[in-house]
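Please view the sequence and the model together with the notes below.

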Amino acid sequence: MVCLAAGVALFVGGVADAGPTRTFASGESVTVPVDPAEKPGVYIASDTQVSYDCAITGGPGQARLAKTTGTQTVTTGGAVWEQFLVINAPAKGDYQLTCVNQEQATVRYGVGPDAMSAVGGVAGGLVALIAIPVAGLLAAVAGTIVVLVRRGGARKRLAVGG
C-alpha cells in the first residue's frame, strides 16, 4: 500500500511540472528567473486567435525569444495553455518579460518549464506509478517465499529431532 501511494505521489509530481508556473495579463511586465539549462517556455491561453508581441529584457546578458516548432499544449487549472515561445538566455538571472496583443480578447500569458521537458516529467511519473507498486509486490512475494521456506525447514528439523 505504501509503494502504491509513493508511485501515485511521484506521478502527480511529474504531471504538476507541466505548464506555466507564473501567469500574467497582456501588457503586464513580469520578472522571470531564467536558467538556460531549463529552457523555459512562454505560454498563451486564449479563446480566440490573437496577434501577440513579446519582448524580454534585463538579466546578465541579452536573452532571445524563439518560436517553438509544432504545437505543444498543456491543460492545467481548467485552461488550455499553448507554448509558443522558448526563452534562450545566455546566463542564469532575472529577466523582464512583457507580452501584448492587439485584439480585445481574454488572453493570459504564462512562463514555465518547456512543454517537452515536462513530458519527460510525466513519463518519469508514469514509470514511477507502475514500477514502485510492482517492486513492492515483488518484495512482498519474495518475503512470503522466504518465510514459508524457513518455516518448512524448521518443521522438518523438529520432526527429525523429536
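The notes below are grouped by topic.

This is a predicted model, in which local features need pLDDT of at least 70 and side-chain atom pairs count only at pLDDT 80 or more, while totals for chains, interfaces and linings use all residues. Residues are numbered from 1 along each chain as its sequence is written, and side-chain values use heavy atoms, with hydrogens and water left out.

- Helices (H or I, at least four residues) and strands (E, at least two) are DSSP runs numbered from the N terminus, and two strands pair if DSSP finds at least two bridges between them.
- In general, strands of a sheet pair through backbone hydrogen bonds, either parallel or antiparallel.

**Strand 3 and its neighbours**

- Strand 3 (residues 41–46) is largely enclosed by the rest of the structure, because five of its six residues are buried; buried means under 20% relative accessible area, exposed over 50%, and partly exposed in between (1.4 Å probe, protein chains only).
- Six bridges join strand 3 to strand 8 (residues 107–112), and the two run antiparallel; here Val42 lies opposite Val111.
- Four bridges connect strand 3 with strand 6, also in antiparallel fashion.
- Across that pairing, Tyr43 has Gln83 of strand 6 as its bridge partner, and Ile44 has Glu82.

- Strand 5 is joined to strand 6 (residues 79–88) by nine bridges, and the two strands run antiparallel.
- Opposite residues in this pairing include Arg64 with Asn88, Val74 with Trp81 and Thr76 with Ala79.
- The hairpin has two residues between the strands, and Gly77 takes a positive phi near 60° there.

**The disulfide**

- Cys54 and Cys99 form a disulfide (a pair of cysteine sulfur atoms within 2.5 Å), with their sulfur atoms 2.1 Å apart.
- The torsion about the S-S bond of Cys54 and Cys99 is about 115°, so the disulfide is right-handed.
- Distant parts of the chain are linked by this pair: Cys54 belongs to strand 4 (residues 52–58) and Cys99 to strand 7 (residues 93–101), 45 residues apart.
- Cys54 is buried at a relative accessible area of 15%, and Cys99 is also buried, at 0%.

**Nonpolar surface patch**

- Leu137, Val141, Ile145 and Val149 make a nonpolar surface patch of about 380 Å².
- Accessible areas come from the Shrake-Rupley method with a 1.4 Å probe, and for residues only the protein chains shown count as cover.
- Val149 lies in helix 2 (residues 115–161) and counts as exposed, with a relative accessibility of 58%.

Key
Patch = residues over 30% accessible without salt bridge, like charges linked within 9 Å, V, L, I, M, F, W, Y side chains within 5 Å. Salt bridge = Lys/Arg side-chain N within 4 Å of Asp/Glu carboxyl O.
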